[in-house]
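Here is a short tour of a few local features worth a look. Keep the viewer open while you read.

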Amino acid sequence: MLLSKENLKKINRDAVLLPDEALLNLPEKVLQFGTGVLLRALPDYFIDKANRCGKFNGRIVVVKSTDGGDAGAFDRQNGLYTLCMRGIADGKSIQESVVCSSVSRVLSAAKNWQSVLECAANPELAVIISNTTEIGIELVKEPISSNPPVSYPAKLLAFLYERFKVFGGSVQSGFVIIPTELISDNGNKLKAIVQELAEWNELDKKFIEWLLACNQFCNSLVDRIVPGLPDAGKKAALEQELGYQDDLLIMSEVYSLWAIEGNEQVKSVLSFAASDPGVVIADDITVFKELKLRLLNGTHTLSCGVAFLAGFITVKEAMNDAILSQYIKQLMLEEIAVAIPFNVEEKHAKEFALKVLDRFSNPSIEHQWISITLNYTAKLKMRVVPVLQCYYKLYKKVPENIATGFAAWLLFMHEVKKDGNNYRGEWKGKAYPVKDEMASLFFDQWHNLTPDNLVKAALSDINLWGADLTQLDGFTENVTLKLKAIMQQGIMAVIV
């Protein structure tokens with residue numbers, strides 16, 4: 001039995017939360033560029049939840065920008081899909097499944113562009129969301145008269161220009177526009193690109209005035225691990241549990257956050273925010289960026305080399321080990337949370353850290369450490385170095401766990417084989433890929449320098465860090481001792 005509007009009455013409500021039929025007839029209020037799993041597990045889920053509570057009462061018309069995937073599945077299932085949320089919250093295991101009904105229809109940009117533009121005439125449409133993967137938020141100077149334009153900003157501009165013409169540039173016809181692409185200041189960047197593209201297309205000055213004055217581009221931050229489509233075995237098990245087939249079924253962790261930068265007007269338009277504490281609308285969302293960047297991303301970066309050298313494949317495996325999980329907990333709570341380079345209350349930082357620890361322990365998420373090592377060096381610079389500097393400023397001593405993370409990074413970067421531009425390391429007889437822009441630098445240094453000199457060369461490299469880390473009292477010596485100890489005794493002996 002395929003999930004569909006007709007089959008909803010046949011599904012066991014004890015296994016999954018189902019929508020009432022009235023929710024399938026709500027008007028379209030949101031235009032969404034992208035059909036990806038993150039959008040369906042976060043914004044679309046929040047809107048669905050709000051509709052159930054009677055707090056938004058609107059559905060989403062989705063624009064599919066790429067040729068990949070099966071858009072027909074949305075038609076066959078009347079836009080319905082199941083979100084299976086699995087994870088740990090406050091130390092308790094949670095399993096929730098819900099059939100989301102917020103998606104009204106899916107239009108292909110390539111095949112139905114005129115239908116997309118016709119949506120501009122809908123006076124109830126007030127919100128535009130995106131998470132594009134084809135080109136993303138980048139400037140491509142192209143005519144918006146193309147059918148369709150190639151880039152997302154050009155597609156958005158074409159739609160906004162159509163809106164302007166239909167409603168004569170009325171103030172009320174503007175949109176709240178929320179990109180969810182994972183780049184800093186995504187709203188500001190999208191706005192600047194759309195404006196430049198409008199000028200390049202020599203559009204009416206009155207349109208550009210309307211574009212800037214009547215449309216609100218909001219910076220936003222999304223945070224939810226969505227592994228995507230489950231493998232065949234897991235999908236079959238879930239469908240057996242639910243009692244129906246769902247070709248759009250996705251899984252996610254329980255934790256969710258959508259932080260949106262906006263004023264009172266934005267809050268009034270985005271009334272769905274009231275349905276879930278995971279949606280936060282604030283004048284400034286920097287604190288959410290900092291908490292995620294330092295506590296989740298920074299901990300991942302400092303731990304990935306440690307865990308990988310210890311022989312753990314996934315994050316949850318490491319969290320099941322008493323020694324490794326203790327290292328990660330101490331690193332996060334005692335060194336990162338207390339030295340975030342932003343005005344964050346220690347209480348809030350630790351509350352966020354505890355939620356991250358729950359997320360790391362999620363038995364339903366397969367997050368591999370080797371994937372976290374991608375662009376290892378650059379991640380250390382962006383996520384960790386500001387914390388390290390702040391820690392020294394506050395406490396004037398070596399953060400032992402951060403030092404261990406740097407030592408593990410250096411040993412992970414010990415490439416032993418080079419094949420063109422591809423580098424591979426080796427640890428305990430097993431080869432692994434090193435995908436880092438600085439791989440060639442460390443390939444040469446490991447072959448020409450002693451460990452003592454290598455640590456000094458690496459930490460003093462201002463091009464890597466934007467600062468000379470050897471100036472931090474005792475840090476170089478501590479990293480050197482830990483590096484040698486890992487090489488001689490193994491990582492577990494160092495973190496005990």
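P148 sits in the loop between β6 (127-130) and α5; helices (H or I, at least four residues) and strands (E, at least two) are DSSP runs, numbered from the N terminus. The peptide bond from N147 to P148 is cis, with omega near 0 degrees. For context, most peptide bonds are trans.

Some ground rules before going on: this is a predicted model, where local features need pLDDT of at least 70 and side-chain atom pairs count only at pLDDT 80 or more, while totals for chains, interfaces and linings use all residues. Residues are numbered from 1 along each chain as its sequence is written, and side-chain values use heavy atoms, with hydrogens and water left out.

Helix α5 covers residues 152-167, and its 16 residues should span 22 Å at 1.5 Å a residue, which agrees with end C-alpha atoms 23 Å apart. That expected span is 1.5 Å times one less than the number of residues. After the helix comes G168, whose phi is positive, near 65 degrees.

How many of the 16 residues of α5 are buried? The count is 12, so α5 is largely enclosed by the rest of the structure. Buried here means under 20% relative accessible area, exposed over 50%, and partly exposed in between (1.4 Å probe, protein chains only). Among the buried ones are Y152, P153, F159, Y161, R163 and F164.

## Where α10 meets α16

The axes of α10 (residues 286-309) and α16 (residues 400-412) come within 8 Å and cross at roughly 60 degrees. Axes are lines fitted to C-alpha atoms, for helices over the stretch in contact, and angles run from 0 to 180 degrees between N-to-C directions. The crossing is left-handed, that is, the near helix is turned anticlockwise from the far one by less than a right angle (right-handed if clockwise).

On the α10 side, L302, G305, V306, F308 and L309 make the contact, and on the α16 side it is I402, T404, G405, F406, A408, L411 and F412; contact means heavy atoms within 4.5 Å. By class, that gives nine nonpolar, three polar and no charged residues. F412 turns up again in the list for P433, which is also in contact with I370, Y423 and R424, leaving aside neighbours within four places in sequence.

P433 lies in strand β15 (residues 430-434) and counts as partly exposed, at 28% relative accessibility. P433 and L295 are 138 residues apart in sequence and 26 Å apart in space, C-alpha to C-alpha.

Over in helix α8 (residues 232-242) you'll find E239, which counts as buried at 16% relative accessibility. A polar contact of 2.5 Å joins its side chain to that of K235. Such a contact is a pair of N or O atoms within 3.5 Å; within protein, one must be able to donate a hydrogen and the other to accept it, and residues adjacent in sequence count only if both atoms are side-chain atoms. Beyond residues up to four places away in sequence, E239 touches Y244, Q245 and D246.

## Two loop residues with positive phi

N78, in the loop between α3 (72-76) and β3 (81-89), has a positive phi near 55 degrees. N78 is partly exposed, with a relative accessible area of 28%.

D185 has a positive phi of about 55 degrees although it is not a glycine. Look for D185 in the loop between β7 (176-179) and α6 (186-200); at 31% relative accessibility, D185 counts as partly exposed.

Terms used: Nonpolar A, V, L, I, M, F, W, Y, C, P; charged D, E, K, R; others polar.
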